[in-house]
Amino acid sequence: VYTEVPITVRVPAGSSFAGNQYDKDCYINGSIDLVLREGDGWTIVDYKTCARTEVKSELVMRYQPQLDTYKEAWELATGEKVAKTEIFFIEKS
């Protein structure tokens with residue numbers, strides 16, 4: 001189990017990463033809230049704070065690209081499979 005894992009991935013010009021095409025060399029930086037190894041591979045969890053009135057399915061659609069990026073970056077960095085990604089919502093009162 002790892003928490004608050006900083007991750008940086010170099011994406012060379014002309015390559016595709018997490019569903020995006022990059023014309024120039026770039027670096028993608030992030031901090032993964034929680035990564036844990038389970039029987040079928042790694043699980044990546046991202047925590048999001050939201051209002052009770054927000055529609056969770058819309059939030060999942062908004063934040064899924066971030067999790068896809070973390071998944072691909074983790075697999076690239078470790079050479080191991082990410083079995084699933086999860087978003088945990090913490091509601092503001």
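**First stop: a residue in the helix**

Select Thr69, which is found in helix H1; helices (H or I, at least four residues) and strands (E, at least two) are DSSP runs, numbered from the N terminus. The model is predicted, so local features need pLDDT of at least 70 and side-chain atom pairs count only at pLDDT 80 or more, while totals for chains, interfaces and linings use all residues. Residues are numbered from 1 along each chain as its sequence is written, and side-chain values use heavy atoms, with hydrogens and water left out.

Is Thr69 buried or exposed? At 17% relative accessibility, Thr69 counts as buried. Here buried means under 20% relative accessible area, exposed over 50%, and partly exposed in between (1.4 Å probe, protein chains only). Now display what surrounds Thr69: apart from neighbours within four places in sequence, Thr69 is in contact with Phe17, Ala18 and Ile28, where contact means heavy atoms within 4.5 Å.

**Second stop: the sheet**

Select the strands E1, E4, E5 and E6. They form an open sheet of four strands in the order E1-E4-E5-E6, with mixed pairing. Two strands pair if DSSP finds at least two bridges between them. E1 and E6 are the edge strands, as each pairs on one side only. From one strand to the next, the twist averages 45°. Axes are lines fitted to C-alpha atoms, for helices over the stretch in contact, and angles run from 0 to 180 degrees between N-to-C directions.

Next, compare two pairings. E1 and E4 pair in the antiparallel sense over nine bridges; Val11 has Cys26 in E4 as its bridge partner, and Val5 stands opposite Ile32 in E4. E4 and E5 also run antiparallel and are joined by five bridges. Glu38 has its bridge partner, Gly41, in E5, and a hairpin of two residues joins E4 to E5.

Select Phe17, Ile32, Val35, Ile44 and Trp74. Of the 18 residues in the largest nonpolar core, these five touch the most other members. Such a core is a set of buried Ala, Val, Leu, Ile, Met, Phe, Trp, Tyr and Cys residues joined through side-chain atoms within 4.5 Å. E1, E4, E5 (41-51), H1 and E6 (82-92) each supply at least two residues of this core. In soluble globular proteins, nonpolar side chains tend to be buried together.

Centre the view on Val35. Leaving aside neighbours within four places in sequence, Val35 is in contact with Val1, Tyr2, Val5, Trp42, Thr43, Ile44 and Trp74.

How many salt bridges does a search of the whole structure find? The search finds six, a salt bridge being a side-chain nitrogen of Lys or Arg within 4 Å of a carboxyl oxygen of Asp or Glu.

- Select Asp25 and Arg10, whose side chains meet in a salt bridge (3.2 Å, N to O). Asp25 lies in the loop between E3 (20-21) and E4 (26-38), and Arg10 lies in E1 (residues 2-11), 15 residues apart.
- Select Lys48 and Asp46, which meet at 3.0 Å, N to O. Lys48 is buried at 14%, and Asp46 is buried at 3%.
- Select Glu75 and Lys71, which meet at 3.2 Å, N to O. They are four residues apart in H1 (residues 56-78) and so are separated by about one helical turn.
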